Amino acid sequence: MKRRTAILISGRGSNMAALIEAAKAADFPAEIVAVISNRANAPGLEKAAASGIPTVVIESKPFGKDRAGFEAALQRVLDDSQVELICLGGFMRLFTAEFVRHWYGRMLNIHPSLLPCFPGLDPHGQALRAGVKLSGATVHFVIPETDAGPIVMQGAVTVADDDTPETLAARVITIEHRIYPEALRLLASGRLKLEGDLCRTQGSAATGSTLIAPAPERVVAQEIPESNPPGDAAGGGIRMNSASSGVQ
């Protein structure tokens, strides 16, 4: 039985598209049943609808600072769609600790750095200013602290001396598109186990591997303590496309 999964976005939905594409495979253990955005003008909504995925808009602005109100609206949509897992794909709002605890172990995020290095905003700029020789992307479970949840998987790229935040981001995003679907595959198949601040991978040849090679394509699964979540929320009118269920 495929695990029913929602993707939350705020923008173009690049990682969303990678997840949707991966989920088309007959043997992929997750089914994308909804794409939810807190911005009505998010370009990713059109991409999702073009793929036949139900879309929902819960506008942030009408809720102001009322995160609990937004989350209640979001939870209703998740419940209506019988969602079991959540993937954050550039969802630029913070969640309350209560919402995160409710979805603990069932909500993933991707961050464009090798966490715990360079959490938060401008991770590529942070990496360049620090002079690191490797950067990359991290998929992690969401916890109340930002970009600090248990790490599921990481992939690395080399940092060139003449890199800019834009050129580095362009290479890192190719890694993001590879590791996020694989992380969701592990979670949906039941092969991930949380032990305190550690994420353990069961039944995988990658388990325990911590090698990160200076190659743009190298992807590694890791068992490293903490990493982090993002997430925030606020929202207003809910509407779905014609592929969606119910709420208008």
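Helices here are DSSP runs of H or I with at least four residues, numbered from the N terminus. By that rule, P181 lies in helix α6.

A word on the source: this is a predicted model, where local features need pLDDT of at least 70, side-chain atom pairs count only at pLDDT 80 or more, and totals for chains, interfaces and linings use all residues. Residues are numbered from 1 along each chain as its sequence is written, and side-chain values use heavy atoms, with hydrogens and water left out.

Back to P181: its relative accessibility is 6%, so it counts as buried (buried means under 20% relative accessible area, with a 1.4 Å probe and protein chains only). L19 sits 162 residues away from P181 in sequence, yet their C-alpha atoms are 5.3 Å apart. Beyond its neighbours within four places in sequence, P181 is in contact (heavy atoms within 4.5 Å) with A18, L19, A22, F28 and E176.

Now for how α6 meets α5. Their axes, which are lines fitted to C-alpha atoms over the stretch in contact, come within 9 Å and cross at roughly 115°. The two helices are therefore roughly perpendicular, a label that covers angles of 65 to 115 degrees.

| Helix | Residues | Contact residues |
|---|---|---|
| α5 | 123-130 | H124, G125, A127, L128 |
| α6 | 165-188 | P165, L168, A169, V172 |

Finally, the cores, meaning sets of buried Ala, Val, Leu, Ile, Met, Phe, Trp, Tyr and Cys residues joined through side-chain atoms within 4.5 Å. The largest nonpolar core has 41 residues, and I7, V35, L108 and V152 touch the most other members. Helix α6 gives this core its largest share, 10 residues. Another core of 22 residues lies apart from it, including V56 and W103.

Note on methods
Axes fitted to C-alpha atoms, helices over the stretch in contact; angles between N-to-C directions. Parallel < 35°, antiparallel > 145°, perpendicular 65-115°, else oblique. Buried < 20%, exposed > 50% of the residue type's maximum accessible area, 1.4 Å probe, protein only.
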